[in-house]
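Here is a brief report on selected local features of one model. Look over the sequence and structure, then read on.

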Amino acid sequence: MKIGIIGGGVVGSTAAFYLQQSGKHQVMLLDDGFGQATSAAAGIISPWLSQRRNKAWYELAREGAKFYPELLEDLTQFVSGFSPSLYAKVGTLLFKKNEKLLQKLEKIAGERKKEAPEIGEIVRLSPEQIKKRFPLLEPQTDALYISGGARVDGALLIKTLKQAFIRTGGEFRQSKVTGIEPQLDKWDVYLNQERLAFDFLILATGAWLPSLLEPLGFTVDVRPQKGQLVGLQTKLQTHTWPVVMPQGEGDLIPSQNGELLVGATHENDQAFDLSFDSKKIHELIVHASDLAPKIASFKQEFIRTGTRAYTSDYLPFFGAPDSTKHLYVASGLGSSGLTTGPIIGKMLAQKLLEQKTTLSFKCYTPGSYITKKEK
């Protein structure tokens, strides 16, 4: 088949890579490069201690974290010499408001390790022990450390996935898709006046999914969420430090060459605005300063903004919408996109390749989020 994938974020790029790697289909990846959440993000891969009650979300996030080593191994067949910034298992430090909540977190970690040994070591650290692992911190309470936590650079991940996709024979076009239209058992894709025909289509356009499906008579429960993060230069040896998940917004993500990322915001009222908001950045720094007082004195090297997609119940979906043929969609990943995106992309490829999927699609179907408008 000739397969078109619209959206070159983490879902689309992963699906494109695995479909093209199979050698069974001809794949084209289309993306205009505007506002993409993945390329603006730096993520913490540490879902095991989330207290979200939705079991399907946790199972997806757990498999997503587990999948990363396999993904990187598959990519090394086509792209050598990854930057250490792309992915590193450095561990995660988690803070809670009080001792009771920390004990609850420790219990959850122990129970979940039975099914997810990749959590690694689970250790409660005193303020003195925390400071040894992350010298900038000035904690007043204990924290929980899990060795399996990792950090990932979204922009480097996307770059690497696209390189591998192209080297396996895939075609990438940086173009804006202006519309799609079903044609019997095929799909037409429009790039302004240019028309492309595909046997199968994957829409991985995140918050822009409604713009493609609503003209076809669908109602789509997907909306944009703005995220901003700031990169600081510490001039310290940060590359071995663990990532830090404090209370509230403002995760701390150390990287290479003294870099420390702080973020990201979750702004539901900014639509597709990608401008920098100095007030929001200041709030991130102030919040992080409660745990790391010296942060305010570091030079701001850059600010990144991107647009996430989220649904009314904050859960992701993927699969085939009702009443459509030869079409898969994926959206609504929210702030956990770097954790769940790669495994979703891999499973979409598995489905098209008629392979057994890592998880059943049953709990993630688009039916509750994409509905046909009544005439």
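## Helices and a cavity

Glu 283 counts as partly exposed, because its relative accessibility is 38%, which falls between the cut-offs of 20% for buried and 50% for exposed. The model behind this value is predicted. Glu 283 sits in helix H8, residues 278-289. Gly 250 is 33 residues away from Glu 283 in sequence. In space, their C-alpha atoms are 8.9 Å apart.

Helix H9 covers residues 337-352. At 1.5 Å a residue, its 16 residues should span 22 Å; the end C-alpha atoms are 22 Å apart, so the two values agree. H9 is mostly covered, with 15 of its 16 residues buried. Glu 354 follows H9 and has a positive phi, near 60°.

A search of the whole structure turns up one cavity of 30 Å³ or more. The largest cavity holds about 50 Å³ of space. Its lining is made up of Ala 42, Ser 85, Arg 151, Val 152, Asp 153, Ile 253, Pro 254, Ser 255 and Leu 261. Strands S8 (150-153) and S17 (251-254) are the elements that each give two or more residues to this lining. S8 supplies the largest share, three residues.

| Class | Residues in the lining |
|---|---|
| Nonpolar | five residues |
| Polar | two residues |

Conventions
Residues are numbered from 1 along each chain as its sequence is written. This is a predicted model: local features need pLDDT of at least 70, side-chain atom pairs count only at pLDDT 80 or more; totals for chains, interfaces and linings use all residues. Side-chain values use heavy atoms; hydrogens and water are left out. Helices (H or I, at least four residues) and strands (E, at least two) are DSSP runs, numbered from the N terminus. The expected span of a helix is 1.5 Å times one less than its number of residues. Buried means under 20% relative accessible area, exposed over 50%, partly exposed in between (1.4 Å probe, protein chains only). On a 1 Å grid over the protein atoms alone, a cavity is a set of points where a 1.4 Å probe fits but cannot get out, and a pocket is an open set with protein on both sides within 12 Å along at least five of seven lines; lining residues have an atom within 4 Å of a point. Grid points are joined across faces, edges and corners, and a volume is the space filled by probe spheres set on the points. Ala, Val, Leu, Ile, Met, Phe, Trp, Tyr, Cys and Pro count as nonpolar, Asp, Glu, Lys and Arg as charged, and the others, Gly among them, as polar.
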